[in-house]
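Here is a short tour of one structure.

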Amino acid sequence: ARDAMPGGGSLTIETDIREMDSQFVRAHGFGSPGTYAFLSVTDTGEGISEDIRQKVFEPFFTTKEVGRGTGLGLSIVYGIITQHNGYINIYSEPGEGTSFNIYLPEIKTAIPLEKASPAITSSGKAETILIVEDEAEVRGSIRSVLEESGYRVLEAVDGMDAVDQFVRHADSIALIIMDVIMPRMNGREAFKEIRKIRPEAKAIFTSGYTADVIRTKKIHDEALVFVSKPIFPDRLLSKIRDVLEG
């Protein structure tokens, strides 16, 4: 984080208790059902490109100059976390900082799947939801969760596409789930345009960065509903019902 912010910036450390259920595991492709201690470390630095992000945990891989690092730091972090049956993932956008999200099991006994199932009780009523997300895998996982819960789904790949989709389907879209940081037009800008079309439009914003970090970028405020990534299906479905019925 220090090297990524040569001109200064913010370093945010967040802790929480998170529960992974079978829906989360299926949607994200990692984890085992159970209760986890969550640790997020976020900087506001240069960010990491997709090709480099795929290699950061490889031993001896480094983007630093000779003599400034061995490339072993993150591989050691990865090793420690996996040895303790934990998980680590990265969320980053070039120029927008980086978040490392760590999950360490709080207990050894997994939560029985039958106890996790009742959390997903917020079934849809065939409402149409527009998903706005520039990462295809994330977009696909959210779509699967929503369709399995009884919603109709439309997709957009960025903010400008979201506005175009809303123009075509304004009468049928009940809710928008929108990433905050996207190419061409960010989520807040797109939502402003959408509300010019329909002032009462409702949205839930998502990001791999924490809400505090998003607020420092001045592209999110307290008046907007926010869900952090990785998205837990039960939390998302509950939040959707709160927004639609609120």
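## Two paired strands

Strand β5 (residues 128-132) runs parallel to strand β6 (residues 152-156), and five bridges pair them. Two strands count as paired if DSSP finds at least two bridges between them. From β5 the chain passes through helix α5 (residues 136-148) to reach β6, a right-handed β-α-β crossover. Right-handed means that, with the strands pointing away from the viewer, the path from the first strand over the helix to the second runs clockwise. Val132 faces Ala156 of β6.

## Basis of the model

The model is predicted: local features need pLDDT of at least 70, side-chain atom pairs count only at pLDDT 80 or more, and totals for chains, interfaces and linings use all residues. Residues are numbered from 1 along each chain as its sequence is written, and side-chain values use heavy atoms, leaving out hydrogens and water. Helices (H or I, at least four residues) and strands (E, at least two) are DSSP runs, numbered from the N terminus.

## Helix α7

Gly187, Ala190, Phe191 and Ile194 are buried in helix α7 (residues 187-197). They sit on the same side of α7, because they cover an arc of only 100° around the axis. That arc is taken from the directions from the helix axis to the C-beta atoms. Lys192 and Lys196, on the other side, are exposed. Buried means under 20% relative accessible area, exposed over 50%, and partly exposed in between (1.4 Å probe, protein chains only).

The cover over the buried residues includes α6 (159-169), β7 (173-179) and β8 (203-207). Contact here means heavy atoms within 4.5 Å.

## His169

His169 belongs to helix α6. Its relative accessibility is 27%, so His169 counts as partly exposed.
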